[in-house]
Amino acid sequence: MNILRMALESSDKPVDETLDMSVPEGDDQWLAANAAAVDDAFEANEDVAIAAEAIFAYHDQLADMVAAKKTNPVVTGLILHGVNRELTSLGLEAIALPALESESELDAQKQAELALEGIATSLKTYFFQDVVIHFKHWKDIVLDSFKGIGSKVSKYEQKTAENKREFEAKRHELRGGTEVNLHGLWYFFTTQQGQPGNFMGALSKDLGMSTYVLTKYPVAVIQEMEKLAQAVRSGSAKSPASMQQLVKKVEALKSPTELFESSFLGEGKFFNVTGLHKGEHAVGGSRLDQMSRHGAVTMKTSGSHKLAKGAMFAMRQVGKGVGIGPLNVKQIANISSVSASEEVKLSERDVADVFDAAQTYCDNVKFYLGLDDKFAKATDSLGAAMAALAQTAGDNHDRDTAMLGERIEAYGRTLTRAFQSPALQEASRSLRGSKYCNYFGLRAIFNA
């Protein structure tokens with residue numbers, strides 16, 4: 001019987017007839033949405049930081065004009081317009097000043113002073129917050145995202161253990177080897193190069209990335225956070241010279257993208273046509289400037305692969321009750337899936353390794369979730385160190401020194417985000433990997 005006829009004759013069954021459907025697709029959607037929400041939160045924080053930096057610059061420009069008594073209504077109006085543009089971009093209230101009846105030199109000075117007071121009030125209200133609160137906020141964003149993932153890991157582990165017991169009971173039937181068609185499974189087991197010719201080799205490579213992103217990279221990030229906290233604790237903001245000494249120590253550290261192993265970077269190299277990319281910002285300035293805006297490593301799935309999966313899924317859903325001629329849409333989806341699939345030859349040992357891989361994906365996610373306490377302590381330590389640094393400034397209101405402190409804080413923020421990205425996205429993908437390895441192993445048993 002040829003494979004297309006098999007697809008037709010089984011078309012009244014679920015497309016993935018050997019899959020364990022008690023693990024719902026909704027888990028995938030929830031995990032992906034969870035990771036995306038954390039990304040959005042960090043992006044919003046980045047927008048606030050950028051807006052605050054622009055408003056600080058406007059404030060200093062107007063303050064210099066007021067101090068020198070070289071103000072004029074046109075420049076004051078332009079500065080105020082720029083500040084309001086930044087405020088409204090964040091959904092904050094714009095600054096409104098009463099119009100002055102004349103434009104005498106005195107009125108121009110008074111107008112500038114009122115505008116300066118309004119800008120300072122906005123900065124104090126919206127942006128001058130305790131640095132400890134900042135770091136606590138970023139910590140909470142990450143750790144809140146962990147809630148609910150643990151229970152899903154346990155579910156996947158339970159299914160893996162159950163399926164491994166079934167495998168052991170039927171293992172003797174696989175001694176001559178077996179073949180598994182990727183019908184319905186290529187949705188996950190595909191890279192930019194297509195379905196793997198060497199399936200077990202590709203699985204090993206994919207597990208290597210999962211292990212690195214979830215166990216090694218987050219640890220390296222935490223260590224860099226600890227180094228930064230130590231450097232900041234040893235520093236002082238009492239003078240420009242002491243601040244420059246601290247900057248040199250900070251610049252000796254690494255940005256999140258510098259910490260990441262470059263061999264894992266690339267387009268669609270891993271299952272689900274997943275790639276890892278450096279999200280660098282094109283900025284000039286000092287090394288500290290670049291470290292504070294260096295971006296994070298991000299994980300992306302090929303857009304074309306998403307479309308292919310979406311189209312197949314839509315056909316399957318429509319085909320549940322719609323007939324078109326001698327074949328319904330669901331049958332066509334079966335045929336399309338099978339015709340797009342490759343055959344994989346497996347030994348008995350290979351099947352055992354596939355179930356072991358399902359557990360390894362879970363182990364990697366558990367390890368990452370288990371770093372929560374270390375991450376929390378590192379974040380708290382960094383926030384406390386930054387607060388102590390600010391105290392050393394005393395009555396020193398040097399703007400350049402303050403800007404350096406803000407750059408160091410921004411670098412700390414990039415590190416807190418690096419603990420989350422790409423690991424949280426990989427936690428979602430790894431649990432999907434565990435699920436599909438279980439599907440794959442069950443099909444091998446089914447075909448024995």
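Ser292 belongs to helix H10, which covers residues 287-292, where helices are DSSP runs of H or I with at least four residues, strands are runs of E with at least two, and both are numbered from the N terminus. At a relative accessibility of 1%, Ser292 counts as buried; buried means under 20% relative accessible area, exposed means over 50%, and partly exposed lies in between, for a 1.4 Å probe and protein chains only. Leaving aside residues up to four places away in sequence, Ser292 touches Arg407, Ala410, Tyr411 and Thr414, a contact being heavy atoms within 4.5 Å.

The model is predicted, and local features need pLDDT of at least 70, side-chain atom pairs count only at pLDDT 80 or more, and totals for chains, interfaces and linings use all residues. Residues are numbered from 1 along each chain as its sequence is written, and side-chain values use heavy atoms, with hydrogens and water left out.

The protein chain as a whole holds 16 helices and 7 strands, and 50% of its 448 residues are buried. Among the contacts in the protein chain with a separation of 6 or more, 85% are between residues 24 or more positions apart.

Two helix pairs are set out below, with axes taken as lines fitted to C-alpha atoms, for helices over the stretch in contact, and angles running from 0 to 180 degrees between N-to-C directions.

| Helix pair | Angle | Axes apart |
|---|---|---|
| H8 (residues 240-251) and H15 (residues 399-420) | about 20 degrees | 10 Å |
| H6 (residues 149-170) and H13 (residues 348-369) | about 165 degrees | 10 Å |

H8 and H15 are therefore roughly parallel to each other, given that angles under 35 degrees count as roughly parallel, those over 145 as roughly antiparallel, 65 to 115 as roughly perpendicular, and the rest as oblique. The crossing of H8 and H15 is left-handed, a term that applies if the near helix is turned anticlockwise from the far one by less than a right angle, clockwise being right-handed. On the H8 side the contact is made by Pro240, Met243, Gln244, Leu246, Val247 and Val250, and on the H15 side by Thr401, Leu404, Gly405, Ile408 and Tyr411. These residues divide into 8 nonpolar, 3 polar and no charged, where Ala, Val, Leu, Ile, Met, Phe, Trp, Tyr, Cys and Pro count as nonpolar, Asp, Glu, Lys and Arg as charged, and the others, Gly among them, as polar. Tyr411 of this contact is also one of the residues touched by Ser292.

H6 and H13, by their angle, are therefore roughly antiparallel to each other, and H6 passes H13 in a left-handed crossing. The residues that meet include Ile149, Val153, Tyr156, Glu157, Lys164 and Phe167 in H6, and Val351, Phe355, Asp356, Cys362, Lys366 and Leu369 in H13. By class, this contact has 11 nonpolar, 4 polar and 6 charged residues.

Pro73, in helix H3 (residues 73-89), is partly exposed, with a relative accessible area of 24%. The C-alpha atoms of Pro73 and Lys110 are separated by 9.8 Å, although the two residues are 37 residues apart along the chain.
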